Amino acid sequence: MNILGRKSITRLARSIITNARDFVYPPLCILCDNPLSKNDPWFCDACIDKLNANASGRNACPRCSQDRARHACACHLVWDHPYERVYSLFDFDETVQAVAHQVKYRGKKSLAFHVGKRYARLVPPEFLEGIDAAVAIPLHFRRKMKRGYNQAEYLAKGVLAGHGNSIPYLGKALKRTRHTRTQTKLDREQREKNLKGAFGLNPGGADAVRGKNLMLVDDVVTTGATTAHCTRILLEEGALSVRVLSLARD
Ligand SMILES: [Zn+2]
Ligand SMILES: [Zn+2]
C-alpha cells in the first residue's frame, strides 16, 4: 500500500472515531456545557442568543462605541485618544467575559478566529471605510511562546476573513519588546511608565505602515492605555490614522 493510501485510511478511521464519539458524547458548548447549536461549532443556541442580544440592537456611538441606550456618551467633549475611533463587537458581560477567557487562557485560538468571523458583520461599514491594513496588539515573544498564539491576531484575522480578506493583515509591523504588567490598578502616570519602551516596530515595520489608515485590533480594551500607546507609535512612524477594534470593552 502506498503512503497516500495509508494516509487516507488514517483520515477515514479518524473521522469514524470522531463521529462515533460525537454520537455518544455530543460536542458541548464551550461556555455552558449544553449541546452545541446546529449552526455553530462552539456555542449552544442559548449562548448565541445571549451574544446576539449583547451585540444587536445596540445604539453604539460611532466614535467611542458606548451603547448610548445604556450610558450617556460624552466623547464629543472629552475625546483625547490618539486613535480616531474605537469599536467593540460586544459590551462586556458574563458571556463575553467567558469567551475572552477561553480565547486568552484556554488556548482556543480557533475560537478567537471564529468569533471574529461570525461577528464581523457587526462592524459598521463606515468604521472599515478607507482602512488600508490591520495590525494586532502584539504579545511579547515569551508570552506568545507560552500561549502558542496571539489571541488579538486571530480575532483580527477572523474579522478580516468575515469581510472577504479584502484588507491585508500586517503581522510583522508592531512588536512588543517586553511584557507589561496589568494596567487596571495603575494611574495615568504609572501606565505611561509601565508602557514606556514596551512596543516598537520591527525592521521594515515603518515602511509597512507609512501612509496607511490602520485598524488596530485588541481582544479586550480596558483602560485604552495600550491601544493609545501603540497608536502613537504607529502615527509617529508615518501611519495616517488608526482606528481600534476590540472584542469587548471592559
Ligand atoms: Zn452555551
Ligand atoms: Zn461616544
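This is a predicted model: local features need pLDDT of at least 70, side-chain atom pairs count only at pLDDT 80 or more; totals for chains, interfaces and linings use all residues.
- Most residues other than glycine have a negative phi, and most peptide bonds are trans.
- Aspartate 33 is not a glycine, yet its phi is positive, at about 70°.
- You'll find aspartate 33 in the loop between helix H1 (3-24) and helix H2 (45-55).
- Asparagine 165 also has a positive phi, of about 50°, without being a glycine.
- Look for asparagine 165 in the loop between H8 and strand S3 (174-176).
- Asparagine 165 counts as exposed because it has 10 C-beta neighbours inside 10 Å, and the cut-off is 12 or fewer.

**Overall build**

- For 250 residues, a compact globule would have a radius of gyration near 18 Å; this protein comes out at 20 Å, which agrees.
- Along the principal axes, the C-alpha atoms fill a box of roughly 65 × 45 × 35 Å.
- Buried residues account for 34% of the 250 residues.
- Take the contacts in the protein with a separation of 6 or more: 71% of them are between residues 24 or more positions apart.

**The sheet**

- Four strands make an open sheet in the order S1-S6-S5-S2, and the pairing is parallel.
- At the edges stand S1 (86-91) and S2 (133-136); each has a single partner strand, so one side of each has no neighbour in the sheet.
- From one strand to the next, the twist averages 20°.
- Strand S5 (residues 213-221) and strand S6 (residues 241-249) run parallel and are joined by 8 bridges.
- If you want a spot to look at in that pair, valine 221 has arginine 249 of S6 as its bridge partner.
- Helix H11 (residues 225-236) lies across S5 and S6, and runs at about 165° to S5.

- Of the 10 residues of H5, 7 are buried, so the helix is largely enclosed by the rest of the structure.
- The buried residues in H5 are Leu111, Ala112, Phe113, His114, Val115, Gly116 and Arg118.
- What do the buried residues of H5 pack against? They pack against helix H4 (94-105), H8 and S6.

**How H5 meets H8**

- Two packed helices are described by the angle between their axes and the distance between the axes.
- For helix H5 (residues 109-118) and helix H8 (residues 151-162), the axes come within 6 Å and cross at roughly 35°.
- The H5 and H8 crossing is right-handed.
- On the H5 side, the contact is made by Lys109, Ala112, Phe113, His114, Val115, Gly116 and Lys117.
- H8 brings in Gln151, Tyr154, Leu155, Ala156, Lys157, Gly158, Val159, Ala161 and Gly162.
- Sorted by class, the contact of H5 with H8 has 8 nonpolar, 5 polar and 3 charged residues.

Methods
Residues are numbered from 1 along each chain as its sequence is written. Chains are lettered from A and ligands numbered from 1 in the order in which they are written. Two strands pair if DSSP finds at least two bridges between them. Helices (H or I, at least four residues) and strands (E, at least two) are DSSP runs, numbered from the N terminus. Axes are lines fitted to C-alpha atoms, for helices over the stretch in contact, and angles run from 0 to 180 degrees between N-to-C directions. Two residues are in contact if their C-beta atoms, placed from the backbone, lie within 7 Å. A crossing is left-handed if the near helix is turned anticlockwise from the far one by less than a right angle, and right-handed if clockwise. Ala, Val, Leu, Ile, Met, Phe, Trp, Tyr, Cys and Pro count as nonpolar, Asp, Glu, Lys and Arg as charged, and the others, Gly among them, as polar. The radius of gyration is taken over C-alpha atoms; the globule rule is 2.2 Å times the number of residues to the power 0.38. A residue is buried if 20 or more other C-beta atoms lie within 10 Å of its own, exposed if 12 or fewer, and partly exposed in between; C-beta atoms are placed from the backbone.
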